Amino acid sequence: MATTLKKPAARRKQAAMYQPELERISRRELRALQLARLQKTVRHAYRNVPAVKAKFDDAGVKPADLKTLKDIAKFPFARKSDLRDNYPMGLFAIPQEKLVRVHGSSGTTGKPTIVGYSKKDMKSWSTLMARSMVAAGVKPGDVLQNSIGYGLFTGGLGFHGGAEELGCTVVPLSGGNTDRQIMMLIDMQADVLISTPSYALNIADVAEAAGIDLKKAPVRVALCGAEAATDALRAEAGRRLGLTMIDHYGLSEVMGPGVAAECLEGAMDPDTPGGLHLWEDHFYFEIIDPKTGDVLPEGETGELVITTLSKEALPMVRYRTGDITHIIPGKCICGRTHRRMARAKGRSDDMLVIRGVNVYPSAVEEALIGLPGVAPHYQLVVRDGKSMATVDVEVEALPTVKKGDYAKVAKMISERLKQATGVSFKVIVVGPGKVPRSEGKAVRVRDLRKA
Ligand code: DLL
């Protein structure tokens, strides 16, 4: 009679899931669901977005050509420029009366790229965010301090919707005013902090300078994302705040946060550093060679390309994210069947080519963090040079380092960077607080070139 019941011990081991039937779906069922949704998305975009129809026609493909999942490779890519060329709402597939929300890209220059949501899109988004939060160990009733920007940026309101869907108490602070953030974390006895990794580090700095030990506060987990951050930076922020950092990935063009998320079990497992479950029932993921556009075999590193599988307002077919990552082979210990991607290294357009060598700001971060006397705050400064641009690394010294020793510290950093990246950087060591602090996405590259 009791044969269908699992043993209590086995049941206790199961990771908490928001939608267990979808999160543990068999790969076979998932593929069938993906194909049906992919065909629907491609048809919907072709029928309702003239710019998509023109592009498919130019490439000589029709929705009916999509018979298997692999057939998606026949379809043309979508790029950020498509959104710009059709600004603000030319790629939307539903009439404006059916739109319930718009958001935008976080670009700081020029016009933002505008993205939209139907009522059903909003429901899918908040459900995926709730799913991601439960994967991070968040429970209904938890107090969440949301320190990610609200507004056109998808971060603040994306997490907000998920928290309400799950039944959490949201403290909607948005980014900035760090003293107040610290006060509220303590006064509201927040269980969860939501911020970018660089802002979490800024909060730790400001608290420590004020003599406040946030490790004693109840906050146990930080839901972090929106920017590339190395394991070293995340570990440092986590240690100083006394919490576990969980990574969330997403982009406005296909939804916002909630596209991929780390699970608590995986984050605690030393064998799977930085794996984020790709929510494959709502998105179809490919990794391509950024130069040739060819789809790469599973496990190889390349550019992540995403097709939405449920979006009504803005269906996106083969969107080139610019983010460099790979699929982690094998199953996750949490029991979810959705594959995982490695932490995104940064956008291909963040990459600097220095005297012929490709350098990501994250490689510099990796090398810097943890060096004696060096604070985890840095910027790469690009200037016009005689024949080509020069890139200097500006790094902050810890308050314990005497000014007279800055040159020695600079030499040590320069040697470490040369070893790690193969590039000889000029390193400028500056005093505490001199590198601008992040209140959202950190600015890692300061481009001072005139053109
Ligand atoms: O940053 C959405 C988001 C908000 C994700 C809050 C997670 C948390 P956009 O402003 O459109 O959307 O920027 C998207 O940010 O293509 C990546 O280059 C980068 N990015 C986002 N999350 C991560 C992450 C939001 N976890 C762009 N790791 C993406 C590395 C990330 N890069």
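## Surface and overall form

In this predicted model, the accessible surface of the protein comes to about 20,700 Å², and carbon and sulfur atoms account for 55% of that area. Of the 451 residues, 53% count as buried, and the secondary structure amounts to 13 helices and 20 strands.

The C-alpha trace spans about 70 × 65 × 40 Å along its principal axes. The radius of gyration is 23 Å, which agrees with the value near 22 Å that a compact globule of 451 residues would have. When contacts between residues at least 6 apart in sequence are considered, 67% of them join residues that are at least 24 apart.

## The enclosed cavity

Rolling a probe the size of a water molecule over the atoms shows where empty space is left. The structure holds one cavity of 30 Å³ or more, and the largest cavity contains about 40 Å³ of space. Its lining is made up of Asp 121, Ser 124, Leu 128, Met 255, His 282, Phe 283, Thr 308, Leu 309, Ser 310 and Lys 311. By residue class, this lining divides into four nonpolar, four polar and two charged residues.

Which helix supplies the largest share of the lining of the largest cavity? That share, three residues, comes from helix α6, which covers residues 119-135. Ser 124, one of the lining residues, has its place in helix α6 and is buried, with a relative accessible area of 13%, which falls under the 20% cut-off for that class.

## Ala 93 in its loop

Is Ala 93 buried or exposed? Ala 93 is found in the loop between α5 (80-85) and β1 (99-104), and it is buried, because its relative accessible area of 9% is under the 20% cut-off. Apart from neighbours within four places in sequence, the residues in contact with Ala 93 are His 44, Asn 48, Val 49, Glu 312, Ala 313 and Pro 315.

As a reference for distance within the fold, Ala 93 and Thr 272 are 179 residues apart in sequence, and their C-alpha atoms are 39 Å apart in space.

## Helix α10 and the residue after it

Helix α10 covers residues 231-241, and its buried residues are Leu 233, Arg 234, Glu 236, Ala 237, Gly 238, Arg 240 and Leu 241. An α-helix has 3.6 residues a turn, so residues three or four places apart point the same way. The helix is followed by Gly 242, whose phi is positive, near 70°.

Methods. Residues are numbered from 1 along each chain as its sequence is written. This is a predicted model: local features need pLDDT of at least 70, side-chain atom pairs count only at pLDDT 80 or more; totals for chains, interfaces and linings use all residues. Side-chain values use heavy atoms; hydrogens and water are left out. On a 1 Å grid over the protein atoms alone, a cavity is a set of points where a 1.4 Å probe fits but cannot get out, and a pocket is an open set with protein on both sides within 12 Å along at least five of seven lines; lining residues have an atom within 4 Å of a point. Grid points are joined across faces, edges and corners, and a volume is the space filled by probe spheres set on the points. Helices (H or I, at least four residues) and strands (E, at least two) are DSSP runs, numbered from the N terminus. Ala, Val, Leu, Ile, Met, Phe, Trp, Tyr, Cys and Pro count as nonpolar, Asp, Glu, Lys and Arg as charged, and the others, Gly among them, as polar. The radius of gyration is taken over C-alpha atoms; the globule rule is 2.2 Å times the number of residues to the power 0.38. Buried means under 20% relative accessible area, exposed over 50%, partly exposed in between (1.4 Å probe, protein chains only). Contact means heavy atoms within 4.5 Å. Accessible areas come from the Shrake-Rupley method with a 1.4 Å probe; for residues, only the protein chains shown count as cover.
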